[in-house]
Amino acid sequence: MTSPLPAARPSVTAPVVAGAVTAVVGFTSSFAVVLTGLAAVGASAQQAASGLLVLCLTMGLGSLLFSWKLRMPVTMAWSTPGAALLAAGSTPEGGFSTAVSGFLLAGILIALCGLVRPLGRLVELIPGPLAQAMLAGVLLLLCTQPITAAAHSPAAILPVLATWLLLMRFARRWAVPGAFAVAVVVMVVSGTFSRIDPTHLAPQLTLISPGWDPAGIVAIGVPLFLVTMTSQNIPGMAVLATYGYRPKLGPALLYTGVATAAGAPTGAHAINLAAISAALSAGPGAGPDRDRRWIAGVTCGLLYLVVLGPASAAAVALTQAAPDGIMAAIAGLALIATFASAAAGALADPGMRDAAAITFLVAASGLTIGGIGAAFWALVAGGLYLLVTHRRAAPPTPPAPAAPPGPDSTD
């Protein structure tokens, strides 16, 4: 009688591939948004490269540690909506130093949400439609960049847009990375790489002293905190719960908040729990065995630490040498899905639709009052509208006394 064959060990190929896809797609889909946002608030190319490096290192380390310790595919990412928020603004008084102080404030507030649970619950009380409307308004102008860029440089931009469109039909996950790959081909043809200084390709840290301009700090820090919490951290937990993973939110908020605050003086704006990209590591694509999908989170973290972080300076150098409009077009394409989701969420509730519309319009206006930008005033305007127009519900009318049962009643 032959002995039974030993059971085959589950393959790690699927979670490893899923983790690599999470990292590559996450980086190539939105690094242009991060660089655009940092430049908009005054960062030099060297400071932006430093910020991108530290973002990669801190979120890579977080993904590795949390996934390993919890045996769950907990992945972290930079705050893409937060970067979009920065990109829609302008350089504050005091320059990038003031922005760094805003990043520091956002990190402290996120960490406090992890330490003081009631504070986190207060954030959750912000009406979802208003937060979504603020984000949609901020993204509106950025999402028009592919259109304006194509009008000015059709030979460079139209191949990028065509690739994105085709991949949206056949492989949505790879639409923006594929568009970026075609943009690289366009850069090769246009001689972009010959204009890159090889000495700028090595990663390096740059320290920036925080500035002190209270209005500018609040204008950057508070909206960055709110959009990171409402558009990334809270949805990120929801995505994990969808696949049966329920890590405690407090430790993740504490880590991302402390890492954001610590990374701020190097130019890094904010990290958070991954939201949309979290499904790549936590979903069925990471293998049929849910108990082994944590390997995807570890793989993602390692790739950020070992490969993508060191490549940050090269990414900035490439962006600096690229033809006009091409990276803005990539950033705009990367944000279209986020804009669509935010706009739909903002207007879905008929009872909140007017307030959300006001919030959206103020956020899209670019309004600045007292050095504080439109994102902050958008929430104020929407909240004020709700406060003024809210009507206390009338008490229900008591039911009429029941008639005595008639002769035909069966009661």
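## Exercises on a predicted model

**Exercise 1.** How many positive and negative side chains does the protein have, and how far apart do the centres of the two sets lie?

*Solution.* Begin with the counting rule: Lys and Arg are positive, Asp and Glu negative, while His and the chain ends are not counted. Next, place each charge at NZ of Lys, CZ of Arg, CG of Asp or CD of Glu. The protein then has 17 positive and 11 negative side chains, with the centres of the two sets 12 Å apart.

A word on the ground rules: this is a predicted model, in which local features need pLDDT of at least 70, side-chain atom pairs need 80 or more, and totals for chains, interfaces and linings use all residues. Residues are numbered from 1 along each chain, and side-chain values use heavy atoms, without hydrogens and water.

**Exercise 2.** Which residues have the most contacts inside the largest nonpolar core?

*Solution.* First, the terms: such a core joins buried Ala, Val, Leu, Ile, Met, Phe, Trp, Tyr and Cys residues through side-chain atoms within 4.5 Å, where buried means under 20% relative accessible area (1.4 Å probe, protein chains only). The largest core has 104 residues, and Phe27, Phe31, Leu52, Trp78, Phe96, Phe103 and Ile326 have the most contacts inside it. Helix α15 (residues 326-347; a helix is a DSSP run of H or I, at least four residues) gives the largest share, nine residues.

**Exercise 3.** What does Phe103 touch beyond its neighbours within four places in sequence?

*Solution.* Take contact as heavy atoms within 4.5 Å. The partners of Phe103 then include Leu38, Phe96, Ile220, Thr260 and His269.

Key:
Buried < 20%, exposed > 50% of the residue type's maximum accessible area, 1.4 Å probe, protein only. Helix = DSSP H or I, 4+ residues; strand = E, 2+ residues; numbered from the N terminus.
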